[in-house]
Amino acid sequence: MLRTRLMTRALRPVITLYMAVSRPFFRKRASLFPPVIGCDEVGRGAICGPVVVCALWFEPEALPKGVLGRLDDSKRIDRAEREELFPIIARVSKFHFAARSARYIDVYNIRNATLQAMHQAVTRLGIDAPIRIDGLDVPRGLSGDAQAVVKGDGKVPQIAAASIMAKVLRDRLMARLGQRHIHYAWASNAGYGTPVHRAAVRTHGHTPHHRQSFGDLFSGLAGEIALQDADGL
């Protein structure tokens, strides 16, 4: 077991380099990228928990050597590397987080909740710089040069970094919430609709953190839960 761990640790730099070769900023010069605000969300497709947004600014040339080439969409980076990158990005960036709860999402819908969180994160960051938002929409009320960038985490380093920061923060939050709701395995699925998570909803019902407006989850499960309750009478 110890030998296996030592081999894995020794191979990790090689594995990281191999994965970085396929990343969008690998071997790109930092001087090619301007110092903009990048903004991205995490948790939009989850069935429970908040949507979390990060707005982030840095000078690409201030990044430590090798970090630019490791940036990417957070979903394409494993948990260990995201955790490793988080403090590195934080040290050279100015950033602000914003979030909207499941209840807020149920009332205002996920799109509006996400855009409102983006607006809050960017405005509270308080930096006068061009703004690049991942996706199709720019939140209303943002002043200055604000543009949406489709697949921006592969085009704008600050968006990729914001994605990583938001993902790490949200995963930590879901892990803490999971300690109060142990049946749903949120520490591993982060509130996304995995088979284990959906099975737990069938067995134990939903929590206050579940998004009841997400019909994909509840339209099918509500009937199943009701039948199970009837069988138990």
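A crossing of two helices is left-handed if the near helix is turned anticlockwise from the far one by less than a right angle, and right-handed if clockwise. Helix 2 passes helix 5 in a left-handed crossing. The rest of the fold can be read around that pair.

The model is predicted: local features need pLDDT of at least 70, side-chain atom pairs count only at pLDDT 80 or more, and totals for chains, interfaces and linings use all residues. Residues are numbered from 1 along each chain as its sequence is written, and side-chain values use heavy atoms, with hydrogens and water left out.

The protein chain holds eight helices and five strands. Helices (H or I, at least four residues) and strands (E, at least two) are DSSP runs, numbered from the N terminus. Their order from that end is α-β-β-α-β-α-α-β-β-α-α-α-α. Of the 233 residues, 45% are buried, meaning under 20% relative accessible area with a 1.4 Å probe, protein chains only.

Five strands form an open sheet in the order 3-2-1-4-5, with mixed pairing. Strands pair if DSSP finds at least two bridges between them. Strand 3 (94–100) and strand 5 (146–149) are the edges, each pairing on one side only.

Strand 2 (residues 51–57) and strand 3 run antiparallel, joined by seven bridges. Here Leu 56 stands opposite Phe 95. Further in, strand 1 and strand 4 run parallel, with three bridges between them. Gly 38 faces Arg 132 in strand 4. Strand 4 then pairs with strand 5, again in the parallel sense, over four bridges. The bridge partner of Arg 132 in strand 5 is Gln 147.

Which way do the residues of strand 4 point? Ile 131 and Ile 133 point one way, Arg 132 and Asp 134 the other, and all are buried. In a regular strand the side chains alternate between the two faces of the sheet.

Angles run from 0 to 180 degrees between N-to-C directions, and axes are lines fitted to C-alpha atoms, for helices over the stretch in contact.

The axes of helix 2 (residues 79–92) and helix 5 (residues 157–180) come within 9 Å and cross at roughly 115°.

Note on methods
Buried means under 20% relative accessible area, exposed over 50%, partly exposed in between (1.4 Å probe, protein chains only).
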